[in-house]
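Biologist: Please pick one part of this model and take me through it closely. I would like to see how the pieces around it connect, with your terms spelled out as you go.

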Amino acid sequence: MLLLEQSLVTAVLKEDRKAQIALYNLCFPVLIGMVRRFHANEEDQVTLVNNAFMKILKHLPTFDDKYFESWIRKIIKNEIIDDFRRNKKYKAAFVFVDNYLVEEAVGPEIDDTFSKEYLQELLYNLSAPSRAVFNLHVIEGYAHKEIGTMLGISEQTSKWHVKIARKKLRELLTKENAYENR
Amino acid sequence: MKTDRELDSLFKSTFNEFTHEIPSEVFMDDLDSRLSKSKSKRTLGYWKWYLSGLVIIISIVGWSSWNIMEARTTNEPVHTNLLKEKNEIKTQGVEDEINEITKKGNLEVYRSLSNEKVSNNVIKLIENNKNKQKDWAIDKVLSSEINLLPVEPRYNNLDSELTFTTSIIEELNLANSDTLKKDSIQLSNLLETISSTPRKQPVEKKWKFSMSLLNGVSHIYSRTGTPTIEDAQQLAFTSSYTQEDLKDFVNHRKSIESAITSWDMSIRMEAKYGKLVISSGLDLIRWGERISFGDTLGIEQLNTYSYLNLPLNIGFNYTFHKWQLQPYMGVSLGISINTAMGDYVIFNDPSADYMVRNYRANKFSGVLQSGCLIEYLSTSGYKVMLNPTIRTSISNIVEDGLIKTAYSSFGLQLGVGYQW
C-alpha cells in the first residue's frame, strides 16, 4: 500500500521539482504496472503514465482521501479508457459478434508457475481491444456492463472479447507447457 | 488449470501485486518537459493579466490626458480666461487690477487709458494668457499694424477667430478713446474683407477608418444540450437509459458545472460611411466551465477552450459632441488555437459509479455577437472606448455522445484606438 506523506504533498503543492520527482517515483510502479498490461508500445506507456501523473499533480490540492493508491489507480484507469475511446483505430477493432456461447471452457491441466514477465508477454499476443477487456474484467474485476459503459461497447461485445482472450491465452499456455514437458 | 476461473486467478494474482520499479530515462525526459511547459503556461497566464491591467491603465491615463489637452486648446476669449484665472488669485490688489483690465479688454488698452502702474504679477499673467489664447488680432490692432494683417488667419479655426475679433471690436467701441474707435472701424473693415474672402471648405471624408485594441473580461455560462437515446447507446446505456434518465443526467450536469469569468482581447478594425459602420478584426475568446463533483476523487476541474475568432459586424454610429455610440451585431468564425481537452463527469447514476472523461473541443465554432461601443474621440484622432458585449456560440463547442455543450457570455472591454 502506498503511503503519501503530508510533507511531500506540501512540497509538491509549492511546485518543488525534487518533490514532484519523488512523488512520480512513488506513483510510477502502480501507474506503469497498469499501463503495461494494456499497451506494449513504450511510447504509449510514456504518454499514458505521464498524462496520469499530470492529472495527479493537478488534482492533488483537492485530494482528501486516505486511499492514495486507489485514487491514482482510478486516475490511470480512466486515462487508459479515455485513450481507447479517443482512438479511432481501437474503436473500429471493438467488433460486435453475437453468435457465440458464453459457457465455461475446460482445457487440459496446465502448470501455473509462470513469471509476471512471461504472463505480460502472453497478454501482448492478444489484440488491443481483447487485452483491454480482459484486463478490466479479469484483473480489475469490472462487470461486463460496466466495461461496456467505459469503452462504449455493448455488454455482449465485452463478453466476447473476454472469451476470445481466454481461448488465446489457454492455447499459448498449453503450447508453452507442451514445449517444457518435451 | 482446467477452468476459466483458474486461468483468471493466475493472471489476477500475478498482476495485482506490483514490484518497485524506477522510471527509465524516456519517462523522466518526457515528464521534465511537461513540468517545464506547465510552468511556462502559468507564467503566460500571469502575463495576460498584466497586459490587461496595462491596457486599462493606458486607457485611463490617455483619456485623462486628452481631456486636459482639449481644455487647454479651447478657443475662449481673453477676458473669459482672465476671469477664470482671476478666481485663482487670492491677492486682493491683483484681483482689482484684473477686474479693471477685464473691463477694458487688454493690458495695452489699460495702459493707454490710465497711467496706473501695473504690477508684475498681472503683466506676467496677461502675457501667459496671450500666448495661450492666440490673441494675435488685438496685438496687431493696438500696435497700429492693421494694414499688414494677413487675409487668411494663421490659425486653423477661422470661425472662432472671427468671433474673437468681433468681441474685440465691441470692447474697443466701449472704450472712451478716439484712437481706439478709429481702430475699431479699421478692424470692422478688415473683418468684412476676411468674411467675404472665399474660404476653403474642408472636404468631408466619406470613409473613415479606425483601429483599436480592446481588452476585458467575460462571464461565461454553458448551455447543456440534451443528448438522445442514440447518444446513450454509443456508451452501451441502452438497457438502462430512458428519456427521463437523460433529462436527469442533464440536470445533474447543470448542478455540478458552473460559470467562469475569463479574459478576452480584440483587435478591431472599422470603416465608417456616414452612420453605417462595418467592423472586423480578431477576437481572442475563451469558453469553458468549472466542474465540482464527488467526494472520492474530489474533482475540481476547470475546462477552458481558446478560440481565435474572425468577426464581421455591422452597426450604426450616433455622435454626441465627442462621444459616439455604436450599437452593432454580427457573426464570427472561430478556430481552436489549442488542443484543449475538457474533463466531464459521466454517470448512469451519480450516487453510484461515475467516470471522468476527456473531450476535445471542436476545431471550428460559429458565434453570434452584439454590443454597443461607447467611444470618446479626441480631435487628434485618438479614442478610448468601452465595449459591452454579448456572445453566444451557435454550434456546440464540445460534442461527443452524452456531452453536448454550447456557451454564451456577456462581458465588458476597455480599449484605445486611433481614427484616420
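This is a predicted model: local features need pLDDT of at least 70, side-chain atom pairs count only at pLDDT 80 or more; totals for chains, interfaces and linings use all residues.

Modeller: Gladly! Residues are numbered from 1 along each chain as its sequence is written, with chains lettered from A and ligands numbered from 1 in the order in which they are written.

My pick is strand β13 of chain B, residues 403–419. As a setting for it, chain B holds 11 helices and 13 strands. Of the 420 residues in chain B, 27% are buried, that is, with 20 or more other C-beta atoms within 10 Å of their own, C-beta atoms being placed from the backbone. Contacts in chain B also reach along the sequence: among those between residues at least 6 apart, 66% join residues at least 24 apart. A contact here is a pair of residues whose C-beta atoms, placed from the backbone, lie within 7 Å.

Now to the partners of β13(B). Let's begin with strand β1 of chain B, residues 207–224, which runs antiparallel to β13(B) and is joined to it by 15 bridges. To find this pairing on your screen, look for B:G216, which faces B:Q413 of β13(B).

Another partner is strand β11 of chain B, residues 382–393. Its pairing with β13(B) is again antiparallel, over 11 bridges. Here B:I390 makes a handy landmark, with B:F410 as its bridge partner in β13(B).

Then there is strand β12 of chain B, residues 398–400, with three bridges to β13(B), also in the antiparallel sense. Within this pairing, B:E399 sits opposite B:K404 of β13(B). What do β12(B) and β13(B) form, and how many residues lie between them? They form a hairpin with two residues between the strands. One residue in the turn, B:G401, is worth a click: its phi is positive, at about 60°.

Putting the picture together, β13(B) pairs antiparallel with β1(B), with β11(B) and with β12(B). If you step along β13(B), the landmarks to look for are B:K404 facing B:E399, B:F410 facing B:I390 and B:Q413 facing B:G216.

Technical notes. Helices (H or I, at least four residues) and strands (E, at least two) are DSSP runs, numbered from the N terminus. A residue is buried if 20 or more other C-beta atoms lie within 10 Å of its own, exposed if 12 or fewer, and partly exposed in between; C-beta atoms are placed from the backbone. Two residues are in contact if their C-beta atoms, placed from the backbone, lie within 7 Å. Two strands pair if DSSP finds at least two bridges between them.
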